[in-house]
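Try each task before reading its solution.

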Amino acid sequence: MAERHSVDLHGKISDIGVVHFLRAEWKNPQSRFVLIRYAVHEKEEPYGLRLDLDKRAILDDVGDAATATAVKARARDIWEIVVNMRSPRR
Amino acid sequence: MQHIVRATTNSPCISLSRSYGVAEMYARDASRAFPTAANPAYVCEVDIPDPPPPGVTVLDPEIEVAAQNANPLISISYHHDGDMNFLLGVADPVGMAAHLTAPAKQPGGRGGAPRAPNLTIELETFVRALRDAEVLVLGPVPAARVINRHDVY
């Protein structure tokens with residue numbers, strides 16, 4: 001089974017209400033997607049949010065429309081953290 | 001174009017791929033949980049006849065974009081002004097970002113400021129759709145048209 005890689009998002013991405021970003025995960029180092037793990041009310045959700053690295057976009061919704069929009073607005077900041085960690089000499 | 005390039009999620013279209021390899025990559029890498037043998041992702045084979053069933057429209061993104069940019073003299077269109085490796089960066093904007101951002105070469109003596117090549121959403125649409133062997137479907141595909149389902153993990 002492929003090893004799971006991750007980068008910590010604690011303290012790097014600000015919370016959106018009760019939504020707290022935990023880490024970004026991937027298995028395939030060449031994957032064009034990573035999974036953003038997050039918690040709601042301090043409890044980690046079983047399904048992550050897909051970040052499309054090519055499109056610099058979060059594909060999934062969380063909570064109401066305002067929360068979903070705010071979460072998606074974090075995509076570029078998370079993208080920077082992930083891409084710099086995976087290919088720092090970019 | 002927004003659907004293919006920017007991940008607009010309120011698009012009325014569904015993306016399908018003519019390539020099993022592309023579909024498998026999306027199933028393996030783009031699921032909301034990592035697929036396992038006990039909880040796999042799926043690649044579904046869909047057989048859409050010609051003509052398609054009532055209420056179903058199949059669009060080729062290349063044809064749609066080209067049809068709206070058919071005059072190279074008046075349209076910014078999908079032409080770029082980078083070098084021959086520029087398209088590698090469009091196809092893989094993370095892994096080959098250096099090709100995407102390499103300064104566009106300009107004739108000597110003009111004193112132009114260095115800049116990245118022109119990249120339009122039309123060109124991104126072309127390249128991404130070609131890369132993913134992508135077609136778009138409007139309308140519900142009948143369940144009976146799903147002829148195979150493959151586990152991926």
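**Exercise 1.** Work out how spread out chain B is in this predicted model.

*Solution.* Start with burial: 17% of the 153 residues of chain B count as buried. Next, list the elements: chain B has 6 helices and 5 strands. Read from the N terminus, they follow the order α-β-α-β-β-α-α-α-α-β-β. Now compare sizes: the globule rule gives 15 Å for 153 residues, but the radius of gyration of chain B is 19 Å, well over that value, so chain B is more spread out than a compact globule. The C-alpha trace of chain B spans about 65 × 35 × 25 Å along its principal axes. Finally, take the contacts in chain B with a separation of 6 or more: 70% of them join residues 24 or more positions apart.

**Exercise 2.** Find which residues touch the most other members of the largest nonpolar core, and which elements give two or more residues to it.

*Solution.* This core has 20 residues, and the ones touching the most other members are Ala24(A), Val34(A), Ile36(A), Leu51(A) and Ile78(A). In chain A, β2 (19-26), β3 (33-40), β5 (49-52) and α2 (75-86) each give two or more residues. The largest share, 5 residues, comes from β3(A). Then look at Val34(A): beyond its neighbours within four places in sequence, Val34(A) contacts Ala24(A), Glu25(A), Trp26(A), Leu51(A), Leu53(A) and Val82(A). Another core, of 10 residues, lies apart and includes Leu123(B), Phe126(B), Val127(B) and Ala129(B).

**Exercise 3.** Describe the contact between the chains.

*Solution.* Chain A supplies 17 residues and chain B 12 residues. On the chain A side, 8 are charged, 6 nonpolar and 3 polar.

Terms used:
Residues numbered from 1 in each chain as written. Chains lettered and ligands numbered in written order. Predicted model: local features only at pLDDT ≥ 70, side-chain atom pairs only at ≥ 80, totals over all residues. Contact = placed C-beta atoms within 7 Å. Nonpolar A, V, L, I, M, F, W, Y, C, P; charged D, E, K, R; others polar. Core = buried A, V, L, I, M, F, W, Y, C linked by C-beta atoms within 7 Å. Buried ≥ 20, exposed ≤ 12 C-beta atoms within 10 Å, placed from the backbone. Helix = DSSP H or I, 4+ residues; strand = E, 2+ residues; numbered from the N terminus. Rg over C-alpha atoms; globule rule 2.2 N^0.38 Å.
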